[in-house]
Amino acid sequence: MTGTSIEAPHERALALLGGQPDDATLRRYLHGLPGVDAVGLEARAADLGTRSIKTTSKAWALDTIVKLIDLTTLEGADTPGKVRSLTAKALAPDPGDRQTPRTAAVCVYGDMVGIAVESLGAAHGDPDDGLVAVAAVATAFPSGRASLEIKLADTRDAVAAGADEIDMVIDRGAFLSGRYGQVFDEIVAVKDACRRADGTSASLKVILETGELMSYDNVRRASWLSILAGGDFIKTSTGKVAPAATLPVTLLMLEVVRDWHTATGGRIGVKPAGGIRTSKDAIKYLVTVAETVGEDWLQPHLFRFGASSLLNDVLLQRQKLRTGHYSGPDYVTID
Amino acid sequence: MSRLTVPKTYKLYIGGAFPRSESGRVREVLGADGEFLANAAVASRKDARDAVVAARGGHAKWAGATAYNRGQVLYRIAEVLEGRRAQFVEEIRAQQGVSAAVAGAQVDEAIDRWVWYAGWTDKYSQVAGGANPVAGPFFNLSVPEPTGLVAVVAPQEDALLGLVSAIAPILVSGNSVVVLPSEAYPLSAISLAEVLATSDVPAGVVNILTGPVADVAPWLASHADVNALDLAGAGAYDWPAFEAAAADTLKRVVRPGGPGAVAPSLERILAFTEMKTVWHTQSLR
Amino acid sequence: MGFLEYAPAPESTSLVSFRNEYGLYIDGEWTAGGGTPFQSINPATEAVLATVAEADAADVDRAVAAARRAYEKVWSKTSGKDRGKYLFRIARLVQERARELAVAEVLDNGKPIKEARDVDVPLVAAWFFHYAGWADKLDYAGLGPNPRALGVAGQVIPWNFPLLMLAWKLAPALAAGNTVVLKPAETTPLTALLFVEILEQAGLPAGVVNIITGAGATGAALVAHPDVDKVAFTGSTAVGRGIARAIAGTEKRVTLELGGKAANIVFDDAPLDEAVNGIVNGIFFNQGQVCCAGSRLLVQESIHDEVVERLQRRLSTLRVGDPMDKNTDVGAINSKVQLERVTRMVEVGESEGASRWSAPCDLPENGFWFAPTIFTDVQASHRIAREEIFGPVLSVLTFRTPDEAVAKANNTPYGLSAGIWSDKGSRILELANRLRAGVIWANTFNRFDPASPFGGYRESGYGREGGRPGLTSYLQAAPAAVPAVQAAKPVTSRKGAAK
């Protein structure tokens, strides 16, 4: 996956901000955004969660979920074998049904990028072409507690190893203490580190770690900040902090993406990650995307699920739809 | 040689002023022994109309005052009334033909009633309202608020106590009143107006229309800008017709109560309030 | 087919079976009515659901007599503890049969199953549960020791929330120890008739609740019946006026829950996305057929265009159609008559010069439908800004300052509800003080709870339903125990009319 960032987002940001992205200017802008009423947001999310998706819509939804998954392993115990197993699963999720689509990407730690690229082989590439991309977490994931130099090196390393997408974490400490300029500059720098020698660039997902930002107002501000700084995607969580992805947080981030699109025409992706384990839950996210930004967004360059166990549940549901009877856990693979 | 006294001209009390009736009419008020006491103004429907306008203005000021302030003002009425006790005793004695002791008891009771209700201004909403434990992330609070503008037919049996007992509880929450006092004994009502006018009661909060109840009450009952109709003292009149006239604008109607109807009670305060419930979302997020 | 046009997800109607014909439920028996039977139809399909008896004056008389007998012989002698247990039983039976009741409500009323299932029926159970607990605690209702029931309550309820309004009426009346004659609306009588099964399963003694069906004449006869002690009505302000007139000069006590034209006020610092959802919920919930609907949107002028744009975008995702489909957001208008009224008011709005926008949606051929509609360029003098439309039609007006917002919001003879959207706490609280409305929702709208009093100022009616005030509407202080200071129970009427 290459070259997602065509325009110079920095200039667009400066125009919107009306000044240099220092703490004061960013604060003025971010704190001028409409507030979020938590109860109303959660009620709206719950309402979207009551949609009943049946028959043809459900079949389409299940396949779409598979196509939008960043199949993830982010363990200290990850090994080349584990990563190969993951890529095999991404390429052929259901050995009993070759019609099953591939996942959008596999998502691994930076040192596993080479293994992932190698084991995908010719199937490595843009999910739009039916291929599987490699995403790498970087920037001292998950805490982000390292110097900028380390974070940039981490990023360059992964890109050089063949990562198509970089999932960075913002500095939550800086954000919470109001050093918005620092967060902004870091994202800009990491974005720059995503560039390859040939001028293309890895796509940048910015992880807000919403479970540490605590308030919805902060999630909205961090979303805008990330987009203004040039992130291609905004992502809820590392998966290492609870709560990870929730439907209300994802709805809120989608609202920001929608408003950004209205304001600039730009299209930003959203990635809820962590805690989405069932098809039923994932379908709620699809509904939320479709009814908030529109179903155009249900494509790999604009929406992803960061998940691991979700895939097997979707496969079980697909089997149920195909055969008419309920399946069981031994009819999907443990990878 | 006794000195020739200077008699008082009894007029209406509207918007803090003492106008003559728009109709220009007066009625002779005779004492219990048949002697001439004074001429009382005969209010017309236009006086009722003016009184409603004045009361609407008065309501805004009175309801906007703090409960503490309303309590002080009601207590001030008691103070001023106490200071003019002798005048009221004499006036009641002359009108009702009762002994000075009986008249004195009536005035004392009236004074005490102001004191009792003065203490309620900052308490009734605590007693009647409160937080409601709803099943959801909401702060939910119910508070009784003044109904607005109340037209009152005061008890007719006596000159002062019935009138005070009728209007004091209505004033507690911040309502304004247009009151028709005792038709037979109207003089004390206008003397009470003088007390009110010098007790920091904002103009228009209390408006007093002396004259035939049957002529004026229907206009108040049907007036669209009146919010409630207190028929406490209307038992001897065609009150069902008043109530029916109030139906068009869905006024709150308190029906005639007979003896004891206006005895001091929290219920009488609450009868002229509206429960308002406010919901607000609550969340740390 | 796009994903957004979700495949149909119809709720099964197999759990509901209406009888072909219903009589009147009086004294624990089904009996024939003296009037002309009428049909109740499904407003989404116009199919006939059942034929229902019409109660005439003699039937009303029988029902009131049954309620009186039950009051004197049984219910007034039933302890509060046992009354409470009956109500708890009813609450549980409602929960057990929730799905069936929701489907029945949708069939008869036309509201989306989503609402009947998630709002109406759960609240019905909650209402009975709440008042069940009051039945043996009446000493704490604020009327002194041993307060008494009023006697026989005549209750007339509307078609917009048939079962929920039944619960709002029955639960406090029975908890306080009254017996009841209840008349459901003529277009939505079936869930009340189905509810009889629940009353019987709960073992409620015969005559404690009597359900009679019919239209306005039946209701008028019930309200005017001399042996009815308490009248409770929810419906239009016009009918409410008639009731107030009919009971003038009597000893009847009354509560009226009437119409409204609620202002929903949106400030420029509002949480915008939630405000937009709140506006939608405020006016399109139950097809806008809600007395407290936020039908007058007052938007701060500086954000008018943005709010309208967001609203239109949001409305475009609303699904209008088959109410039985679990994904339907907006169902059918309850009746042809109501649809005609809504249509007429929208024509009036257009002819007055307001700009109409209706959500693009395909409406079914049969049944009664109206697309969610927004009017902009509405002036305060327009009829659509003053009169209750009782349909999915929103009028958008603007204001410049908070004072102007208060003045415009209060500029109506109604006073049922209002909404405030702002992030500024002090402003919300002061606005809540100044708005003349019985229920104020700040940063939310159309929330209901049995513990929360509900009712209007001015021409929106009087009395409150819900919470302790909802209970005391059915109680009076004990005469023997009344101390001198409480003798003046003001709303209790007394004899003494001198005509």
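**Entry 1: chain C against chain B**

I looked up the area buried between chain C and chain B: about 3,900 Å², with carbon and sulfur atoms giving 54%. Buried area here is the accessible area (1.4 Å probe) that two parts lose on being put together, summed over both. I note that this is a predicted model, in which local features need pLDDT of at least 70, side-chain atom pairs count only at pLDDT 80 or more, and totals for chains, interfaces and linings use all residues. Residues are numbered from 1 along each chain as its sequence is written, chains are lettered from A in the order in which they are written, and side-chain values use heavy atoms, with hydrogens and water left out.

I then listed the residues in contact (heavy atoms within 4.5 Å). Chain C puts in 56 residues and chain B 46 residues.

I searched for salt bridges, meaning a side-chain nitrogen of Lys or Arg within 4 Å of a carboxyl oxygen of Asp or Glu. The rule finds 2 across this interface. One of them joins the side chains of B:Glu274 and C:Arg464, at 3.2 Å from N to O.

I also counted polar contacts (a pair of N or O atoms within 3.5 Å; within protein, one must be able to donate a hydrogen and the other to accept it, and residues adjacent in sequence count only if both atoms are side-chain atoms). There are 25 such residue pairs between chain C and chain B, both residues at pLDDT 80 or more.

On the side of chain C that touches chain B, helix H8 (237-246), helix H14 (425-434) and strand S18 (439-442) are among the elements that supply at least two residues each. Helices (H or I, at least four residues) and strands (E, at least two) are DSSP runs, numbered from the N terminus. H8(C) gives the largest share, 5 residues.

**Entry 2: strands across the interface**

I checked strand pairing, which requires at least two DSSP bridges between two strands. Strand S10 (residues 273-281) of chain B is joined to S18(C) by 4 bridges, and the two run parallel. B:Val278 has C:Ile440 as its bridge partner in S18(C).

**Entry 3: the sheet in chain A**

I traced an open sheet of 8 strands with parallel pairing, in the order S7-S6-S5-S4-S3-S2-S1-S8 (chain A). Strand S7 (269-271) and strand S8 (305-307) of chain A are at the edges with a single partner strand each, so one side of each has no neighbour in the sheet.

Inside the sheet, I found 3 bridges between strand S3 (residues 133-137) and strand S4 (residues 165-169) of chain A. A:Val137 has A:Asp167 as its bridge partner in S4(A).
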